[in-house]
Amino acid sequence: MRLTALTERHFDDYASMLADPASTRWIGDGQPLDRTNAWRSLAMLLGHWQLRGCGMWALELKATGEFIGRAGLMYPDGWPDLEMGWMLKPEHRHHGYATEAGTAVLEFAWNQLHAQRVISLVRIGNEASDRVAERLGGEHIEDMDFYGSHSHVFAYYPPHREPRRAYG
């Protein structure tokens, strides 16, 4: 699997992924997107690179170049912190791709952005993403209501910093 820049050549596969209820269940309002809104989503992700210096990458299989999902960093207006997220097409889940992508995304956050912390907002009930966050070293620091969804907040810290611990 490789991370590469999202481009218009990914749009048909990206739109297909966002039209699938199994892919959108845990993001946004949980509803699939039509092509018009998938285009808006892609444009927002590309614009995020210009506005914030980070964003989402396309995930492709090295051997074939097949688009299998997206992963990266987001910090839109109104977000609580720099967030790492991932989404894989259903047939490519449970192969370690999200963990592999997340490791690369965190390396970018630490080495290129010099971030002090990254979070993942994982909707309560999305146990597969909870496990990915934990494998990536995420510390479950709180639960919060975020845009109408109850979410776990996982925090990641640079390797040279000790995670915050709860005492008591």
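Let's start with strand β3, residues 67-74, which is mostly covered: eight of its eight residues are buried. Buried here means under 20% relative accessible area, with exposed being over 50% and partly exposed in between, using a 1.4 Å probe and protein chains only. Strands are DSSP runs of E with at least two residues, helices are runs of H or I with at least four, and both are numbered from the N terminus.

Before I go on, this is a predicted model, so local features need pLDDT of at least 70 and side-chain atom pairs count only at pLDDT 80 or more, while totals for chains, interfaces and linings use all residues. Residues are numbered from 1 along each chain as its sequence is written, and side-chain values use heavy atoms, with hydrogens and water left out.

Okay, who sits beside β3? Strand β2, residues 56-60, runs antiparallel to β3, joined by five bridges; two strands pair if DSSP finds at least two bridges between them. In that pairing, W57 stands opposite A71. The β2-β3 hairpin has six residues between the strands, and G65 takes a positive phi near 80° there.

Now the inside. The largest nonpolar core has 28 residues, and L73, M84, W86, V118 and Y156 have the most contacts inside it. By nonpolar core I mean buried Ala, Val, Leu, Ile, Met, Phe, Trp, Tyr and Cys residues joined through side-chain atoms within 4.5 Å. Helix α4, residues 97-111, gives the most to this core, with eight residues. Take V118: its contacts, meaning heavy atoms within 4.5 Å, include L73, M84, W110 and Y156, leaving aside residues up to four places away in sequence.

On to the rings. A search of the whole structure turns up eight aromatic pairs. Rings of Phe, Tyr and Trp (its six-membered ring) pair if their centres lie within 6.5 Å; planes under 30 degrees apart are stacked, over 60 edge-to-face, and the rest tilted. Y14 and F67 are edge-to-face, 6.4 Å centre to centre with 80° between the planes. Y14 is in helix α1 and F67 in β3, so this pair ties together parts 53 residues apart in sequence. Y14 is buried at 0% relative accessibility, and F67 is buried at 2%.

W49 and F108 are edge-to-face too, at 6.1 Å and 70°. W49, though, is partly exposed, at 25%. Ring pairs link W49, W57 and F108 into a cluster.
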